[in-house]
Amino acid sequence: MLEYDRRGLYTGDLLQKSDLPDQQGLEKAIDDLQDRFDSGELGFADLPDTDPEPITRWAEQKLREEWTDQVVIGIGGSSLGVRAILKSARSENLRGLRTHFAENLDPETVDRLFASLDPKTTLVVVITKSGTTIETMSQFWLAREIIEKAVGAAEAGRHFVAITDPERGELRKMVDQYGWDDFEVPPNVGGRFSVLTAVGLVPLALAGYPIKELLSGARKARDQSKTPKEAVNFWGVCAAEHVALADKGFDQLVMMTYSDRLEGLVDWFAQLWGESLGKAVNRKGEKVHVGITPIKAVGVIDQHSQVQLYMEGPKNKHISFLEVQSFDRDRKIPSSPPMPEALQHLQGKDLSEIFAAELEGTRSALRDAGRPTSSWRFQRIDAESVGAFLFSWQMITAVAGELLDINAFDQPGVELGKKIAHGLLGREDHAALADKVRASEGGDGQWRWSIK
Ligand code: PA5
């Protein structure tokens, strides 16, 4: 279903087995993580066991009602997973509601989206674990006004579904007050690890996506290792290789997809990897400033854009390919009339064959140029292989966090920016931060250059 090929990490003198922590060190990392699963501190490893039936039944009932569209309002871990999974699906197989995402605050995008929908038949799915995210709550408030104007305050409640923490946050208080349909995000599952909770499963079920198969793929990925020690052979070694490569200077991880349907998975991975591992201090409180920068690339498009840099620029990138063995659709280049002689070898070939040759060409060239490469091979893109990929990366990220001795489950670095924004928008308790920013905006203009 899904295969990881790491040969390209060990060619030449890139990586030696001796660069990895010893078996004991890896086992300790896995054991420490397992203790946190067993104590209930971390909940994501249990999610593949979720019973999909209650959500499926609820969604089937909704699909019998008048709804035509759903707007998923959320950002970061509260939207990237659903977006990625739906992009990986074949649209003709999605027989549920049309799905739209309200993520970014770009006023033109938001205005265009809300103007294009019929509020009478639109369900609004608001997803925010904290219940306080500026982008999500602002767009939710807009949607609320639009729906109330269209159907009246008494009817509006039927249009809202809230997915949030069971106890904390402003959205939870509103659910209790207005009685909207609601689902819980388990407190021990962080945003970017939450795609297999209601955060992902509810909008996916409404879109008609097979959530049972998604969970089953995640379960197969998890249960391929019967014991934590066995897991060392896969999650541990895989995480250790990424960390060891970063130590050797390859501290940028390019995930290059040779499938447009898998593009969203790269965005999802970039958040998981970037936000989890980019940390200033380790668990002893020492300044470490670690992280492996995730970079998105799309083959073959980026062969004509970024690959020159990967081949000849700084030797700091590990390129990991996403590859599909069997595409659901294909086309053949016509055999006649004859193409110019230099291109005739393309005639009669399937697009998938040309695509695969381009991937192999790029991978081999990068290998020859002394760049580490690895490959994730999807036999075909389906809910099971996608579920397995998502779960695999969550585990690799968690183990990498252990090996780096950092907390992979928080994101303190994004807090200051949020507080300043709140302060600039008038929140009293952050006013001092806003004043500091305003004070630094002065100057005599010598740092600016403008074209009139
Ligand atoms: O991974 C995380 O915790 C974050 O990326 C959050 O998902 C993101 O900031 C959105 O947060 P919330 O769900 O609280 O609105």
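1. A polar side-chain atom of T133 sits 2.4 Å from one of the ligand's oxygen atoms. Please keep in mind as you look around that this is a predicted model.

2. With R192 the backbone takes part: an N or O atom of the R192 backbone lies 2.9 Å from an oxygen atom of the ligand. Taken on its own, the ligand has 380 Å² of accessible area, and the protein covers 87% of this.

3. Which residues come nearest to the ligand? There are 13 residues around the ligand, and the nearest of them are S78, T128, S130, T133 and Q271.

4. Helix α1 spans residues 23-38 and helix α10 spans residues 228-247. Their axes are 9 Å apart and meet at an angle of about 105°. Angles of 65 to 115 degrees count as roughly perpendicular, so α1 and α10 are described as roughly perpendicular to each other.

5. What makes the contact between these helices? From α1 come Q23, L26, E27, I30, D31 and Q34. From α10 come P228, K229, A231, V232, N233, W235, G236, V237 and A240. By type, the residues of this contact between α1 and α10 comprise eight nonpolar, four polar and three charged.

6. Now for some backbone details. Most peptide bonds are trans. Here, the bond from G299 to V300 is cis, and its omega is near 0°. V300 belongs to the loop that runs between β10 (293-298) and α12 (307-312).

7. Another cis peptide bond links S336 to P337, with omega near -5°. To find P337, go to the loop between β11 (317-324) and α13 (351-368).

8. Finally, please check H289, which is found in strand β9, residues 287-290. Most residues other than glycine have a negative phi. The phi of H289, however, is near 45°, a positive value in a residue that is not glycine.

Technical notes
Residues numbered from 1 in each chain as written. Predicted model: local features only at pLDDT ≥ 70, side-chain atom pairs only at ≥ 80, totals over all residues. Heavy atoms only, no water. Axes fitted to C-alpha atoms, helices over the stretch in contact; angles between N-to-C directions. Helix = DSSP H or I, 4+ residues; strand = E, 2+ residues; numbered from the N terminus. Parallel < 35°, antiparallel > 145°, perpendicular 65-115°, else oblique. Contact = heavy atoms within 4.5 Å. Nonpolar A, V, L, I, M, F, W, Y, C, P; charged D, E, K, R; others polar. Near = heavy atom within 4 Å. Polar contact = N/O pair within 3.5 Å; in protein donor to acceptor, adjacent residues only side chain to side chain. Areas by Shrake-Rupley, 256 points an atom, 1.4 Å probe, with all protein chains shown as cover.
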